[in-house]
Amino acid sequence: MLVLIKGAGDLATGAAVRLWRAGMDVVMTDLPQPTAVRRTVSFCQCMYDGTATVEGITARRAAAGDIPALLAAGEIPVLADPAGDIAREMAFDGLVDAILAKRNTGTAITDAPVVVALGPGFTAGVDCHAVVETQRGHNLGRVITAGSAAPNTGVPGDIGGYTVERLIRAPGDGPFLPLVSIGDQVEKGQRVAQVGDQTALALCAGVVRGMLPQGIPVHTGMKAGDIDPRCKKEHCFTVSDKARAIGGGVLEALLGLSKGRM
């Protein structure tokens with residue numbers, strides 16, 4: 001199968017890893033200047049660096065004309081194509097909306113023979129064939145073929161007893177300046193980022209698992225980083241449990257729907 005994934009952040013990357021390992025060819029799209037914080041496990045990082053490798057799989061910033069050669073080389077092309085216009089230029093067997101905007105930004109059930117969407121904002125049977133649950137808990141990764149995912153609560157999932165405390169938010173408007181790096185261990189109250197003369201402090205102790213790149217424009221309250229209270233540095237460089245579960249749901253949906261088993 002040839003699958004287009006709209007979005008190339010950490011959850012989209014988790015899905016891409018599972019599909020690629022299952023033998024599918026994957027093309028991804030994202031913003032020219034992505035804002036994913038878990039940059040060490042997000043293929044969209046290739047927009048800044050040219051290439052990005054996650055668990056031995058390489059993605060490369062590409063134009064539409066580069067796609068056949070990169071797929072033949074076993075790589076994942078990532079296009080600066082926020083609207084996913086490539087879907088109208090190439091015939092894909094499946095399309096996955098992994099933008100995670102909590103709303104449908106333009107995906108239609110007619111975009112590909114099998115259309116799968118991640119999280120809230122979509123209704124299976126209306127604007128996609130299946131929705132994959134993204135909320136942590138018993139149903140994480142579940143494939144929904146009628147109805148919608150659980151509504152967005154606005155509260156991050158509990159990890160190590162922490163929810164909103166795990167987030168690093170931009171303290172002001174302007175260019176972002178990280179004061180720590182992904183993989184660093186921080187203490188509660190430590191200065192972790194700065195925007196102008198405003199400083200963000202860590203709200204819990206742990207390992208910095210995500211952080212926006214220096215210089216990217218941010219606005220007050222924008223998600224700018226993530227702290228993992230479990231203090232496992234290796235978690236910063238491998239696909240998360242959540243992304244793997246969601247990726248498994250995407251794989252199940254694509255194969256099951258293409259075989260008529262759902």
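Glu55 counts as partly exposed because its relative accessibility is 25%, where buried means under 20% relative accessible area, exposed over 50%, and partly exposed in between (1.4 Å probe, protein chains only). This is a predicted model, in which local features need pLDDT of at least 70 and side-chain atom pairs count only at pLDDT 80 or more, while totals for chains, interfaces and linings use all residues. Residues are numbered from 1 along each chain as its sequence is written, and side-chain values use heavy atoms, with hydrogens and water left out.

Which residue does the side chain of Glu55 meet in a salt bridge? The partner is Arg21, at 3.1 Å from N to O. The pair links distant parts of the chain, 34 residues apart: Glu55 sits in the loop between β3 (51-54) and β4 (57-62), and Arg21 in helix α1 (residues 10-21). Here a salt bridge is a side-chain nitrogen of Lys or Arg within 4 Å of a carboxyl oxygen of Asp or Glu. Helices (H or I, at least four residues) and strands (E, at least two) are DSSP runs, numbered from the N terminus. Arg21 is partly exposed too, at 46% relative accessibility.

A search of the whole structure finds eight salt bridges. One of them joins Arg60 and Glu75, whose closest N and O atoms are 2.8 Å apart. Arg60 lies in strand β4 and Glu75 in the loop between α3 (67-72) and β5 (76-80), so this pair ties together parts that are 15 residues apart in sequence. Arg60 is partly exposed, with a relative accessible area of 31%, whereas Glu75 is buried at 15%.

Asp85 and Arg88 form another salt bridge, with 2.3 Å between the closest N and O atoms. Asp85 is partly exposed, at 30% relative accessible area, while Arg88 is exposed at 67%. Salt bridges that share partners also join Arg21, Glu55 and Arg244 into one network.

## Two loop residues with positive phi

Glu55 has another feature to look for: its phi is near 50°, a positive value in a residue other than glycine. Leu100 is not a glycine either, and its phi is positive at about 60°. You will find Leu100 in the loop between β6 and β7, where it is partly exposed with a relative accessible area of 27%.

Is strand β7 (residues 114-118) largely enclosed or left open? Five of its five residues are buried, so β7 is largely enclosed by the rest of the structure. Val114, Val116 and Leu118 point one way from the strand, and Val115 and Ala117 point the other way. In a regular strand the side chains alternate between the two faces of the sheet.

Strand β6 (residues 94-97) pairs with β7 in the parallel sense over four bridges; two strands pair if DSSP finds at least two bridges between them. Asp97 has Ala117 in β7 as its bridge partner. Strand β8 (residues 130-132) also runs parallel to β7, joined by three bridges, and Val116 has Ala130 in β8 as its bridge partner.

Two bridges join β13 to the antiparallel strand β16 (residues 206-211). Here Gln185 stands opposite Val207 in β16.
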